[in-house]
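Here is a short briefing to read alongside the structure.

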Amino acid sequence: MGWYNVRIGLSQSSTFEDMIEADSCEEAEKIASDSVWDDVYTSEIRAHLTIDDEDYDALEWCVECNNEIDDCECEEDEDES
Ligand SMILES: [Zn+2]
């Protein structure tokens with residue numbers, strides 16, 4: 001058993017609809033966009049969230065010197081001291 005630093009990459013998307021009162025399609029889209037960035041849709045985004053792609057990359061890790069095992073400096077330090 002050892003320690004592994006795992007990078008987790010997720011590509012997620014969320015598609016849902018809302019009824020927005022506006023004077024034009026452009027204005028409605030602007031209001032929708034502002035609502036997204038103002039966190040108005042936080043619960044809707046989460047409810048419709050799907051994971052489109054996932055990527056995991058593990059590196060064996062030395063927790064003593066906090067380095068990738070290939071860059072482990074523990075033995076070198078012991079030699080110097
Ligand atoms: Zn080390």
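Three strands build an open sheet with the order β1-β2-β3, and the pairing is antiparallel. β1 (3–14) and β3 (67–68) sit at the edges with a single partner strand each, so one side of each has no neighbour in the sheet. Strands here are DSSP runs of E with at least two residues, helices are runs of H or I with at least four, and both are numbered from the N terminus. Two strands count as paired if DSSP finds at least two bridges between them.

This is a predicted model: local features need pLDDT of at least 70, side-chain atom pairs count only at pLDDT 80 or more, and totals for chains, interfaces and linings use all residues. Residues are numbered from 1 along each chain as its sequence is written.

**Strand pairing**
- β1 pairs with β2 (residues 49–62) in the antiparallel sense, over 12 bridges.
- Q12 has I51 in β2 as its bridge partner.

**Overall layout**
- The chain holds three helices and three strands, and along the sequence they follow the pattern β-α-α-β-β-α.
- The chain is more spread out than a compact globule, because its radius of gyration is 23 Å, well over the 12 Å that the globule rule gives for 81 residues (taken over C-alpha atoms; the rule is 2.2 Å times the number of residues to the power 0.38).
- Along the principal axes, the C-alpha atoms fill a box of roughly 75 × 25 × 20 Å.

**Burial**
- Buried residues make up 0% of the 81 residues (buried means 20 or more other C-beta atoms within 10 Å of a residue's own, with C-beta atoms placed from the backbone).

Key: A residue is buried if 20 or more other C-beta atoms lie within 10 Å of its own, exposed if 12 or fewer, and partly exposed in between; C-beta atoms are placed from the backbone.
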